[in-house]
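Visitor: I have some questions about this one. Can we go through the chains and then a few details?
Guide: Go ahead.

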Amino acid sequence: MSAPAEAMGPLGRVVATEKRPSTPHEFHFWTALDAPVGIGTIVRVAATHAVSGQLPVVYGVVTGALAWSDMASPLDDVLGFDGVPGAVAQAPTRRAEIRLYTAAVLRQLPEEPLQPVSLGEVFEATADDVSIALRMDGYLREGARTGIPIGVYRAGGTRAPVWLDADFLVGPEAAHVNLTGISGLATKTSAVEWLMGSLFAHFPQDKGGIAAVCFNVKGPDLLFLDQPGELGDDDRAMYAELGVPAEPFQHVTYFAPYGPKRTALATLRTNEALQDNVQPLSWGLKEVLQFAEVLLNRDDVDAKADALIDFIRERVVEQVMEDRALSRPHTVRSFADLEAWFKDLLKGLEAANQDSWRTHHIATIRKIRNRLGNIALRCAGLVADEGEAADLPWNAFGDRHVYVVDVANLEDDAQDLIFARVISKLREQLERGELGVKQVVVFVDELNRYAAADGPDTYVRRMLLDIAERGRYLGLVLASAQQFRSQVHRRIVGNAATSLYGRMDGEELATPGYQVLAPAIKTRLSTLDKGQLMVRHPHFAQPVFVRFPRPAVMRGRDGIAAFPPVADAGLEEALVRTLRRLDARVSLQWAQDLAALHDEKELLAIRDAALRDRTPDVAAFFAARLRRAAPVRDASAKPKGPRPVRLVPDDDPYGG
Amino acid sequence: MNHSAALAAARRALGAVPGAVAAQAGGAPLDLPRDAGDAPRLDRAPILEGGDDAPRTVPPLRGFLTRAFLDGVQRTDRAGYLGAAVPIVLASCAAVVRVRDGDGRLHTWPQGMVRRDAYYAPRALLSNEAIAALEATGFDVRDTMPDAGRAALHPLSLDRAALDQVRTDRAQLERALADRWTREGDGWLWIDGPLPGDDASRAEHLFGVVKSHRTLYADGDRLEPLFALRAGERSRVFALEAATRVRVASWYLRLRDNVGQGPLYGLVRIEAAITAEAVGTRADQISGLVLAERQPLARPDPRWDVMAYPIRDAEVVLKALL
């Protein structure tokens, strides 16, 4: 905390000239050369003339800085020192200089009448001044606190917490937060992790539960949120100052689809020490078919095809389907069942020489068979050809719980499908009040890719737009991030009530979206350190610069070093690794015996079921589901009788 | 109150005085150089330093730099006229001592700022009512009745008399500050112009630097060596004597080479008290102090070839004040 500004004396004086007048939104002031003022410093002006019996107080943030000397031309200096820069040190007198700052008005008290800023002394803002200047006093009142700390404002001797208003961050007044910053500094990920921790610590209990769903779209970024990270003394001091526990998230569950072979999950969080809260994400026919349009090429699938997909969804899946064209009744529960149904239907139609079935042309049926059949291939690992879904805990989301969905190692189609389905389900369940929490923050990075301004109108982009525009009414909050804000769909970033900016690229800052920022603010943005952000929030009349602590969670690359991923070593080891946490008796020998006897696909399907049901007796679970098979033979035993003679072609030059 | 505000107040006050007319803004300037109307002249002064008239190269400066700089300014305007031809002049005079700190930055010496605002008019020609109205604005009315009395009531003579009195008052302010520095200051004081008054002319650590040369203290065969001075060279020390002032030592110093610039370019004349120290040694020391102030340049002042930056700084301070 800082000493009262008056005790330290003024650090400047407002000046207003005909060429540089004060306005209700801007003023200028000069300071001593050593005054602790810079771009982003918040100041208070004490006016000297009362208006309506009250001395106005004006709060401003420095947005521009000028300095000049009494030199008329740079040539004067060159001439003065005969062109020898070193001679400057011998000059006995230093030229007169001025530091002139421009400040944008944050708030005027009284707010009416709104007048130009009058001449007066300028003081460094105290912590209380910062609170008033940013209108935080309105939502930090006892009994009605909705403040969420975003960081600490630091300038000169002042150190003041900066709070966002939960009503404008999560809703219902406004919602959504967007982060922009260049890649490589980890600012975006760190800021999101910090903000989530802050939100979980300070979100008012009376507003209902809140959870987060984070899509991990690259590397190991979000895979160690439950592990402690390295913090410095300054970080810990900031955590204490802002009332946020300096500890990792207490409740995190990770979801990842399987790899193409379905033996191991497609994630970098595969270290055995961290498997307790890692779960497979695997969807069956029913789940995928709801979002088939995500995966189908719109140019390829017309209205007729849509009609057939709807028919299958409504009348075929999970129903007993009987028809004259079919050789037998079908109950379609999996992609394998669906393929069998298609095969049977087409065979029946060909046999009857029919070119349509229930108004669907045979060519349409063939096309949809082909497209749907491909889904299982294109999203192998996510889509279970057989078996049931392993999914997020719908209807049972936990308060202050983070659900990380790792899509970093998936093909685009699979990523799209996951985004679409998870977001749709969240929206659907929040709308019905069935999710288990009232608010969910959805974090999506790389918005340049998923919601590009000039990109194709994809299903995912439409979903993101939908959250941005209507999510706050449902409690669905979008926390999005990207490198180039200018290249993201305008309605998505435009609907984000809170915008955070890390270090920015100069080229990006030159785009029209940043014209509202003063040149000096842009310069500061392009030189921000790690841990610094510029914050725009509905209550703040001007952007404010803050520092935030390093997140209290392990960084992705540190996590990979501490918990190296294990390689996918095949079926037997996969069975042991995944099932041993259910039942410690599971052994490699048992897995090898099963692998020798049974079909891999079948074993993996039973493993998925065992994980889903969390069975305590794995061997019994498998035994109950496995079909009868031949008894295990000793693979090392030599066959009885003579070995067959290997035939070698006569012309084989290497034979013999 | 700055000079412009004072002038506006004076013009308003004159509007209420019977027979007085407030002057319109603009008009011919009052302030002209003191010697603007004087003819240039050569004067022979007695030599104080031994040797011949050959230029003396100033040795490198050793020891302290000049600590403080004194300058004064004035601003005069016609506030109005009484009747048709008696000018009432409002003048503001000020002087300042600027002290240089260890970081090379200049600050006003706490005791080093004086200012005087007054009306200048021939009191005998003003009515009591007019004098009362003028004094009601807060400033004295200084008498500028020419010595020749009513016989010299030419309007230009009245202007000249007012200006002379203003200059006298300004010099008085400068002298007061120089005397104060002599008593309370610490270190060398550079005075812009001749040494003001007797105390300053006897003080060991004061010197005056004169930039204009309407009177040159050299003639005949001493002129050529003077004009031949090169940067960093000084002339022989001579004495300035007058019935009205204390005898002081003086010499010329070339600050900057004048090739292609004329004989007076970069040339200053220095005045200093005659002390027990050898005049040549003292002249070398003070010349070294003056040469050390050649940087930074005093541009954009047109007299930058002979003006020190701290003196320009003092002028800027004073003009801002007035």
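Visitor: What percentage of the 322 residues in chain B is buried?
Guide: In chain B, 44% of the 322 residues are buried. A residue is buried if 20 or more other C-beta atoms lie within 10 Å of its own, exposed if 12 or fewer, and partly exposed in between, with C-beta atoms placed from the backbone. This is a predicted model, in which local features need pLDDT of at least 70 and side-chain atom pairs count only at pLDDT 80 or more, while totals for chains, interfaces and linings use all residues. Residues are numbered from 1 along each chain as its sequence is written, and chains are lettered from A and ligands numbered from 1 in the order in which they are written.

Visitor: How many helices and strands in chain B?
Guide: Chain B has 7 helices and 14 strands. Helices (H or I, at least four residues) and strands (E, at least two) are DSSP runs, numbered from the N terminus. The radius of gyration of chain B is 22 Å, close to the 20 Å from the globule rule for 322 residues, so chain B is as compact as a globular protein of that length. That radius is taken over C-alpha atoms, and the rule is 2.2 Å times the number of residues to the power 0.38.

Visitor: And chain A, what is its radius of gyration?
Guide: Chain A has 33 Å, whereas a compact globule of 656 residues would have a radius of gyration near 26 Å. Its C-alpha trace spans about 110 × 60 × 55 Å along the principal axes. Chain A has 22 helices and 22 strands, and 42% of its 656 residues are buried.

Visitor: How many residues of chain B are in contact with chain A?
Guide: 17 residues of chain B are in contact with 13 residues of chain A. Contact means that the C-beta atoms of two residues, placed from the backbone, lie within 7 Å. Helix 7 (residues 309–321) of chain B gives the most to the chain B side, with 4 residues.

Visitor: What classes of residue are on that side of chain B?
Guide: There are 9 nonpolar, 2 polar and 6 charged residues on the side of chain B that touches chain A. Ala, Val, Leu, Ile, Met, Phe, Trp, Tyr, Cys and Pro count as nonpolar, Asp, Glu, Lys and Arg as charged, and the others, Gly among them, as polar.

Visitor: Change of topic. Where is Leu229(B)?
Guide: Leu229(B) is in the loop between helix 5 (223–227) and strand 11 (233–234) of chain B.

Visitor: Buried or exposed, and why?
Guide: Leu229(B) counts as buried because it has 21 C-beta neighbours inside 10 Å. Leaving aside neighbours within four places in sequence, Leu229(B) is in contact with Pro55(B), Ser235(B), Tyr252(B) and Arg254(B).

Visitor: Last one. Which residues meet between helix 19 and helix 20 of chain A?
Guide: Leu571(A), Glu572(A), Leu575(A) and Val576(A) in helix 19 meet Leu588(A), Ala591(A), Gln592(A) and Ala595(A) in helix 20. By class, the residues of this contact divide into 6 nonpolar, 1 polar and 1 charged.
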